[in-house]
Amino acid sequence: MENGRACTQQIRQVLLLFVLLGMTQAGSETWRFSVAEEMQSGSFVGNLAKDLGLKVRELSSRGAQVVSNDKKQRLQLDINTADLLLSETLDREELCGFIEPCVLHFQVLMQNPTQFLQIQLQVRDINDHSPIFLEKQMLLEIPENSPVGAVFLLESAKDLDVGINAVKSYTISPNSHFHIKMRVNPDNRKYPELVLDKALDYEERPELSFVLTALDGGSPPRSGTALVKVVVVDTNDNSPEFEQAFYEVKFPENSILGSLVLTVSARDLDSGTNGEICYTLSHASEDIRKTFEINQKSGEITLTAPLDFETIESYSIIIQATDGGGLFGKSTVRIQVIDVNDNAPEITVSSITSPIPENTPETVVMIFSIQDIDSGDNGRIVCSIPEDLPFVLKSSVENYYTLETERPLDRESTAEYNITITATDLGIPRLKTEYNTTVLVSDVNDNSPTFTQTSYTLFVRENNSPALHIGSVSATDRDSGTNAQVNYSLLPPQDPHLPLASLVSINADNGHLFALRSLDYEALQAFEFRVGASDRGSPALSSEALVRVLVLDANDNSPFVLYPLQNGSAPCTELVPRAAEPGYLVTKVVAVDGDSGQNAWLSYQLLKATEPGLFSVWAHNGEVRIARLLSERDAAKHRLVVLVKDNGEPPRSATATLQVLLVDGFSQPYLPLPEAAPAHAQADSITISLVVALASVSSLFLFSVLLFVVVRLCRRSRAASVGRFSVPEGPFPGHLVDMSGTGTLSQSYQYEVCLTGGSGTNEFKFLKPVVPNIQAEGLGKNSEENPTFRNSFGFNF
């Protein structure tokens with residue numbers, strides 16, 4: 001019996017939950033289905049495609065699923081046929097108890113887009129329970145002086161079925177004193193009353209017995225019986241009377257056990273045992289007997305089990321006051337349960353999507369529902385998430401919500417989000433429930449590789465070995481995975497004449513740059529190109545950076561003597577008058593070095609001389625001068641060897657051989673030789689020979705200069721279009737004059753040497769400038785703009 005009462009309480013709780021859910025769903029379109037209880041699992045309920053006007057293909061593509069408010073999957077949906085089937089055998093009495101009709105609420109959830117269909121399933125009752133009397137034997141003590149027509153209460157039978165299958169009528173076995181009359185109590189339940197048809201006579205018959213039968217309205221009907229035993233009591237003519245025929249009280253559901261609910265009171269005018277009143281609960285259900293207890297002597301009703309407003313909102317109790325003589329009175333007590341906020345909201349997640357791609361706005365991340373089985377403000381719910389997150393909650397049908405992205409996400413800023421969904425009711429005190437979830441953000445290729453520098457400057461010394469690692473470029477990508485893997489490549493040069501493919505190469509994986517061949521500073525001093533970095537995303541993104549390679553000079557060129565020419569022919573003879581004083585300029589050794597910087601800084605020194613101490617060479621400009629006064633004892637012919645050395649490490653050098661002839665004066669018709677007496681004819685022939693030789697050399701030199709000028713002008717015009725990467729060519733290696741002014745020639749001068757002969761006098765034409773002075777400022781500018789620039793004569797100014 002106790003198990004039956006517990007089952008009845010659970011049934012009422014479920015019924016109340018569905019009634020509340022049904023109230024919240026009012027106002028939305030609902031499709032109704034019906035099924036009889038006790039049908040086997042898998043039984044057909046209905047077809048959504050036929051009954052709801054949906055397409056089977058649509059249900060399958062949109063991932064339709066059946067969800068219920070109580071989280072129990074009593075229905076299942078066949079996606080292939082759209083049939084709605086039972087997942088388990090339904091017991092109407094377990095689900096709804098005495099509530100009729102018995103309606104279960106379901107939702108069909110479809111996604112993309114999100115849609116909810118409300119479904120009501122009515123469970124029809126079948127007559128599967130017989131009426132049962134809780135007491136198989138009833139004892140009635142009836143005074144003998146009870147008037148005809150007196151009514152005596154009998155215990156009613158309990159039938160778990162409802163409607164026509166519930167208890168319909170009561171009968172008793174044939175007797176001459178009583179008949180049965182049906183009554184309806186305040187909760188609409190039928191109960192029998194025994195009506196006295198004939199006065200009782202204690203002396204004639206002190207005890208009567210008959211069978212009470214309860215019949216339900218099923219087909220075929222079911223029945224239950226109980227034995228009624230009537231004991232005739234002698235003379236008690238006053239029945240107890242209650243002070244109130246109806247009591248009503250409101251009692252909070254969170255009241256502690258043992259609390260006094262109400263005290264009822266009745267009085268009896270009789271005395272003795274006939275005036276002693278006993279209070280009992282009459283026609284009380286199992287829930288009432290389990291929840292409340294009445295003191296038989298005082299009439300105090302106390303709480304013996306916890307109240308739950310969400311299960312039962314009110315109780316109707318019939319209190320019977322019976323005196324010692326068997327007479328009784330009755331009163332009805334209605335206990336209204338007051339709801340308190342004792343249930344926190346519940347969050348049920350239907351679907352969740354993680355990870356979600358970045359840069360995609362308004363993406364549905366989660367679909368969930370919330371509910372609170374309390375009533376009033378205690379059942380009203382507010383749902384929220386933290387304000388600093390790029391997500392938003394949107395309300396859907398009923399209590400369903402969707403969590404969506406409010407704006408495009410950026411994985412590079414935040415790769416994952418910890419989201420706390422808070423559902424808070426409006427009761428006092430407020431109760432809340434939190435649901436934590438982590439949403440991952442997947443990467444999209446939205447970031448180009450970025451070089452660590454916009455431009456790189458690399459230095460490499462000339463004459464390098466091939467495949468030499470000269471430097472690296474580096475780029476990073478904020479994306480992840482293949483979107484962040486960077487490949488490096490050489491971009492086509494802007495200068496079409498630059499052979500970039502034969503100069504450098506790049507490692508596609510790490511950006512290391514290598515020189516493919518040996519570089520020559522005198523041919524190519526600098527070049528630049530662009531390097532590209534692209535990721536492996538789809539589509540791929542790229543960026544570029546400028547790389548400038550500067551070739552460093554090495555001391556790989558020896559000084560080259562321009563004057564006097566060391567071409568293996570007869571050395572040039574310099575004429576010096578014997579009257580020359582110390583410091584007299586004999587000649588100047590002119591030399592150049594193809595290197596640059598300190599590798600091209602030249603110094604001169606006298607290596608050998610026929611007469612040591614007679615001549616000196618200035619170390620910085622190569623000028624050969626008389627060191628002391630000449631005397632008659634000095635030889636007429638002298639041979640000088642001048643060493644030209646650069647400032648490189650290790651230094652390189654060259655030598656120039658000079659022939660110096662001392663003469664008495666340039667006005668003499670001939671030059672006497674020290675070996676023999678002067679002869680006029682011999683002097684004339686020598687003079688003529690010298691003139692012819694000098695004229696030939698000068699002509700050849702002028703022709704070479706003119707040819708060189710033409711060639712340089714042509715190359716200069718072509719270099720203007722090619723850019724700064726032209727490679728100089730010409731008969732003379734590199735720079736012919738040091739720009740710093742410490743080389744062989746000054747910035748402003750070139751020299752011309754001529755020897756002329758007359759009828760009897762030889763003259764030496766001293767050095768004089770033949771090229772106008774050029775401003776150093778302009779030269780510096782030209783040199784800065786084009787490191788490989790030469791003037792049209794092949795000299796640097």
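This is a predicted model: local features need pLDDT of at least 70, side-chain atom pairs count only at pLDDT 80 or more; totals for chains, interfaces and linings use all residues.
C383 has a relative accessible area of 16% and is buried, because buried means under 20%. Another cysteine, C278, reaches 26% relative accessibility and counts as partly exposed.

Two further cysteines are paired. A search of the whole structure turns up one disulfide, and C96 and C102 are the residues it joins, with an S to S distance of 1.8 Å. The link of C96 and C102 is right-handed, at 65 degrees about the S-S bond. Both ends are hidden from the probe: C96 counts as buried at 1% relative accessibility, and C102 counts as buried at 0%.

## Around S384

Now to S384, which sits in strand β29, residues 381-384. With a relative accessible area of 34%, S384 is partly exposed.

Which residues does S384 touch once its neighbours within four places in sequence are left aside? The contacts are L393, T420, I421 and T422. For T420, the sequence separation from S384 is 36 residues, while their C-alpha atoms are 8.5 Å apart in space.

## Two cis peptide bonds

Most peptide bonds are trans, but here are two exceptions worth a look on your screen. S219 and P220 are joined by a cis peptide bond with omega of about 0 degrees. P220 belongs to the loop between β15 (207-216) and β16 (223-233).

The other example is the bond of I428 and P429, also cis, where omega is about -5 degrees. P429 is placed in the loop between β32 (416-425) and β33 (432-442).

Most residues other than glycine have a negative phi.

Where do you find N463? Look in the loop between β35 (455-461) and β36 (468-472). A467 is also found in the loop between β35 and β36. Is A467 buried or exposed? A467 is exposed, with a relative accessible area of 53%, whereas N463 counts as partly exposed at 43% relative accessibility. The two labels part ways because exposed means over 50%.

Finally, a look at residues 688-711, which the unreviewed UniProt entry annotates as "transmembrane region". In the model, this span is 100% helix and 0% strand, and its end C-alpha atoms lie 34 Å apart.

Notes:
Residues are numbered from 1 along each chain as its sequence is written. Side-chain values use heavy atoms; hydrogens and water are left out. A disulfide is a pair of cysteine sulfur atoms within 2.5 Å. Buried means under 20% relative accessible area, exposed over 50%, partly exposed in between (1.4 Å probe, protein chains only). UniProt positions are given in the numbering used here, feature names are shortened, and annotations may be inferred rather than shown by experiment. Helices (H or I, at least four residues) and strands (E, at least two) are DSSP runs, numbered from the N terminus. Contact means heavy atoms within 4.5 Å.
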